[in-house]
Amino acid sequence: MGAPFIKMQGIVKKFPGVVANDHIDLDIYLGEIHALLGENGSGKSTLMSVLAGLYKPTAGKILINGVEKKFGSPRDAIANGIGMVHQHFKLVEPLTVAENITMAEREGSFWLKLGKYEHELIQFGAKYGLSVNPSALVWQLSVGEKQRVEILRILYQGSQVLILDEPTAVLTPQETCELFENLRTMANEGCAVIFITHKLNEVQALADRVTVLRGGKVTGVLQRDEIETKRLVRLMVGRDVVSHYDRKNVSDGQIVLEIDRVNALNDMGLPGLNGLSLVVREGEILGLAGVAGNGQRELAEVIAGLRKTTMGTVRLRGEDVTNLSPLEMIRRGVGYVPEDRMGMGLIPELNITDNLVLKCYQHPRFSGRWLLNNREIYNKSTQLVEQYQVKIPSLEQPIKLLSGGNMQRLLLAREIANEPKLMVVVYPVRGLDVGATEAVHKLLLELRLRRTAILLISEDLDEIFKLADRVGVLSRGQVVGDFNVEDADVEEIGLLMAGSAKGVENDVCPR
Amino acid sequence: MFVPVRLEKRLVPSPVMRIMVPLVSVIMALVFCGIFLAITGRDPLEVYAAMFAGALGSAYGLSETVVKAIPLMLCALGISVAFRMQLWNIGAEGQFYIGAFAATWLPLTFPNLPGYVMIPGMILLGLAAGAMWAFIPAYLRAKSNVNEIITTLMFNYVGILLVDYFVYGPWRDPKGLNFPLTARFADAAILPTFGASRIHIGIVFALVLVFILLVAFKYSRWGYEIRVIGQSERAAAYAGMNIQRSIFYVMLISGAISGLAGMAEVSGIAGRLQPGLSPGYGYTAIIIAWLSKLNPLAIVLVSLLFGVLQVGGYLVQTFGVPATVASMVQGAILFFVVGGEIFINYSIKIASRKEALTEND
Amino acid sequence: MTDQIVSILAATVTAGTPILYAALGELIIERAGIINLGVEGIMLIGAVTGFIVSVVFDNSWLGLLAAMVAGGLITSIHAFLTITLRANQVVSGLALTLFGTGLSGYLGKAYIGIPVTHPFAVQPLPLLKDIPVLGKVLFNHDILVYISFLLVPLLWMFMYRTRPGLLLRAIGENPAAADAIGAKVFVLRYVYVIMGGMLCGVGGAYLSLAYAPSWLENMTAGRGWIAVALVIFALWNPLRAMVGAYLFGGIDALGFHLQVLGVTISPFFLNMMPYLFTIIVLVMVMQRQGGRLTAPGALGIPYDREDR
């Protein structure tokens, strides 16, 4: 194997309050495909951002061919042959592929000789099996093609090391297949490919070596022949026993929400939900695990009336509520804690009172035909703030000044105060600390005891196992698997999340 | 950045800066325009002194200041309603003219109506016409997302030309020595004034409106909805609000208020419809609305300040200084306030050299 | 009759030229990602400075140069406010229009009614002027018209065929992406906003030095606003801006000539046409685009590096 091309030694990266990377060592050889595996928050993206020149490490050093280098910017990294493809592509959409690539060249002629340039690009791309149409406008390309343009741009700048941040998160199976094909060609051409992922099947399908991270530390480095699913899961998840909260069992209740083979489009106009079906009963928490981007947002928005379905039915307590307006869903008792707390669930600039009545200001108790009943609103707000023990200096304060935990608590309080029949909760503890997480979880369990049906959408398996009565997995716009929590097996769920369950097993290109 | 200066977004807009920025802006604007005055050979202090003395130093000046402030207040109140929802209705000028135009129709067609029918009739016509003039931009914005800045603006020119057509044509007073004016309204169509001054009860319209808007913004469901939609359309949709309908109504109300301003001006001041009824009140009002941070009470104060500038500008003409010096100062005030916003929303930190290097995280 | 049509078409070109210059200026500014609603004010400043300098130095070229410098200077205020201070672009532009209107009225007061001694006069181009019909329509104008003929294709070439032009398009579309590949977004935005302001200044100077040629308070009469609408009509493409400018010029010219032709229609209604036409065009553009304009992606959004 020889000497590693890149040697990262003792990399530490601290953010205020968090150690994202804790003395990480990583070796990268030319010609290998190296997977960086870990759950969200394990520090893999941070580590690669350090390597790509976006972040400066708090401690540790980077050696390229044995020589220590310091990167001040992504351009320094590129100059040393390291380029990164981010999840959000840095392409200018209305420009052509060739224009986007030539734009990045540091020494270029005044006149664009696009005809000649496009010809060169095709030939250059062919070397790596990257076929692109250089004269196509970027916005016309599929996500997979855009990704190829990013890769081509990095290679064209002379990079030998290509970092890809969760490259398959946005790809179709066919595109994934093509990408893997290309990556193998690149490795054969002598490049090093580092790809960040949390999908086990991809590691198995592609990686020559894998480094597993957990909590900012390396938990293992495996060679190709050591890669084995169970072992990876253990290194990645590292959990032995999943603790349940102490809770009373609620007997089988009536069906509250029934979704039958629903289709809906995502924001890009592509299928987001593909014939999704599920049932939630009163007094039960259905936990849907799954990797982000598999229809989480679309599902929640369909239930809240914010997104139209193209097929299928949604029933609430027996009534067909398909494609009713958000207001009508609120009136029928649907509570919704959206994933985007600051952008949708709350209005950061407005004060706490305004935020607390967002969902109920139309209720006769809080407003007449014209005027708001500000006293009732004030009383209600005070009562909620006290009941949920949120410490605030004044109700007049813009809500953005509160901590994330307090914001989420108030958001939940507001939704709960409407006495929902059904509560949809998406990533409820994202970005919260341990204490706040606990508080949010307790609120959800209390709500369950009051026989509300709860749909919990989360990527955090711990959370799902702690709270849910039944567990399913959201994958490619469908619910796959349905377990009672007692019978559910973490590894099996993990496999389903990774999309490698039986039946979908062969969706990642075999080697 | 080469200079080790860093802008740090403030969590809360600085309250001190909120007061300081407009005050300092007025002073800086006067200095800035003073430079131009000085370059062109005039003593800025003398010009400003003459302006302020003229506008504030006599009963006549003071009452004229209020007279000028009335249409400014009304238009700015109308504009503020739309701006609260981030709708850039800059068509107050046209809505003003059309309001005046519609109000004129009544006394010209039925000159003998009694005052208690005439004035309310004219008010209603002014309101309705102003709303109608905002209708098409509102419709195009709500339905096809056509930029309301351009449409409201183009409608300003169309409205003014429409008025010109009528006063130069069908409505021209046959006894008016060929001047482009309509006949003078019957007394019943003239808004009552206070004492001998020209201050008419349009000021009462404005103050009542201030009260209504204060209540509406703070205590009404509608005010709450504009607040939410103006801040976050996504949150509004999430809360089940009808955003398109709100856009529509807000534009109509905004237009109606400017239409009322036109009615008040034609009935309270001019007594007849004539070209040049507004020396750009509708545009000046945009600045007033912005400077007042869309607060109705502040609009009253800022309108009075701008009344001073307008009257002062008018009076310094006797010194041979063009009246446009007023809009120059107004534009400059806006520059400084807009630029000064950064001090309200950001705090400016001088980064030490080391900090500047390790930035970027 | 043919003579009539030819003279209407020739007048179309003259009437369209000031709008064309201003629209090209605004186009460059918007391509860089900045909305500038101050065109009307910048044009007035250009018109008045150009006029004063021409009269004082008896040199129209010097006047034109002064108009460019003044246009650039006044627009640099907008650039500073919107690029460095990240101010609201709509409001800053409105302030620019107000300030420009006021300042031009102030500066020009003494010059109302004074003639320019040497305005840009008609200089038929040898040979070309003898082409039947076209010669009279296109090549029987002043030199500023000819320059605009050259400017349009040059700007088009710059935007679509050169590397700096590519970066211009990139910084208006996606400044973060341009920044990531090392473009100096802030500097470039300043350069293009000021350049655009200079062209708007030329548009104003054309009115006072060639079209009128004299100075009148508010002589742009909304042409600056038409230029703003025209840029949208043109979908930010200089060639289409030229077509649009002549369309507007044509309506202007038609009003003049219809009366001569004996058509009785009130001049007030004729004058409304460009404004109504602008709205109709906007609606059509929006409908054809399915409610989404192909405006530069970052238009109107201040670029803040730390937001990325």
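Let me start in chain A, where strand 7, residues 161–165, and strand 8 pair in the parallel sense over five bridges. Before I go on, please keep in mind that what we are looking at is a predicted model, and that the values I quote are computed from it. Within this pairing, A:Asp165 stands opposite A:Ile196, which belongs to strand 8 of chain A.

Strand 8 of chain A also has a partner in strand 3, residues 33–37 of chain A, and these two again pair in the parallel sense, over five bridges. Here the residue to look for is A:Leu37, which stands opposite A:Thr197 in strand 8 of chain A.

Now, how many of the six residues of strand 8 of chain A are buried? The answer is six of the six, over residues 192–197, and so the strand is largely enclosed by the rest of the structure. If you follow the side chains along strand 8 of chain A, you will find that A:Ala192, A:Ile194 and A:Ile196 point one way, while A:Val193, A:Phe195 and A:Thr197 point the other way, and that all of them are buried.

The C-alpha atoms of A:Gln87 and A:Leu164 are separated by 8.0 Å, although the two residues are 77 residues apart along the chain.

Next comes a second sheet in chain A, which is an open sheet of four strands in the order 12-11-14-15, with antiparallel pairing. Its edge strands are strand 12, residues 271–281, and strand 15, residues 319–320, each of which pairs on one side only. Strand 11, residues 255–265 of chain A, runs antiparallel to strand 12 of chain A, and seven bridges join the two; along them, A:Ala264 stands opposite A:Leu273 in strand 12.

As for the division of chain A, the domain assignment gives domain 1, residues 6–237, and domain 2, residues 255–347 + 418–498. Taken over C-alpha atoms, the centres of these two domains of chain A are separated by 33 Å.

Let me now move to chain B, which is divided into domain 1, residues 1–42 + 326–361, and domain 2, residues 69–302. The contact between them takes six residues from domain 1 of chain B and five residues from domain 2 of chain B.

In helix 8 of chain B, residues 221–231, the buried residues are B:Gly223, B:Tyr224, B:Glu225, B:Ile226, B:Val228, B:Ile229 and B:Gly230. What covers them includes helix 12, residues 352–356, of chain A, together with helices 3, 7, 9 and 10 of chain B.

Finally, where is B:Ile19 placed? B:Ile19 lies in helix 1 of chain B, residues 15–39, and it counts as exposed because its relative accessible area is 56%, where exposed means over 50%. Together with B:Val16, B:Met20, B:Leu23, B:Val24 and B:Met28, B:Ile19 makes a nonpolar surface patch of about 550 Å².

Methods
Residues are numbered from 1 along each chain as its sequence is written. Chains are lettered from A and ligands numbered from 1 in the order in which they are written. This is a predicted model: local features need pLDDT of at least 70, side-chain atom pairs count only at pLDDT 80 or more; totals for chains, interfaces and linings use all residues. Side-chain values use heavy atoms; hydrogens and water are left out. Patches are made of residues with over 30% relative accessible area and no salt bridge: like charges are joined within 9 Å, nonpolar side chains (Val, Leu, Ile, Met, Phe, Trp, Tyr) within 5 Å. Accessible areas come from the Shrake-Rupley method with a 1.4 Å probe; for residues, only the protein chains shown count as cover. A salt bridge is a side-chain nitrogen of Lys or Arg within 4 Å of a carboxyl oxygen of Asp or Glu. Buried means under 20% relative accessible area, exposed over 50%, partly exposed in between (1.4 Å probe, protein chains only). Two strands pair if DSSP finds at least two bridges between them. Domain bounds come from an automatic or database domain assignment. Contact means heavy atoms within 4.5 Å.
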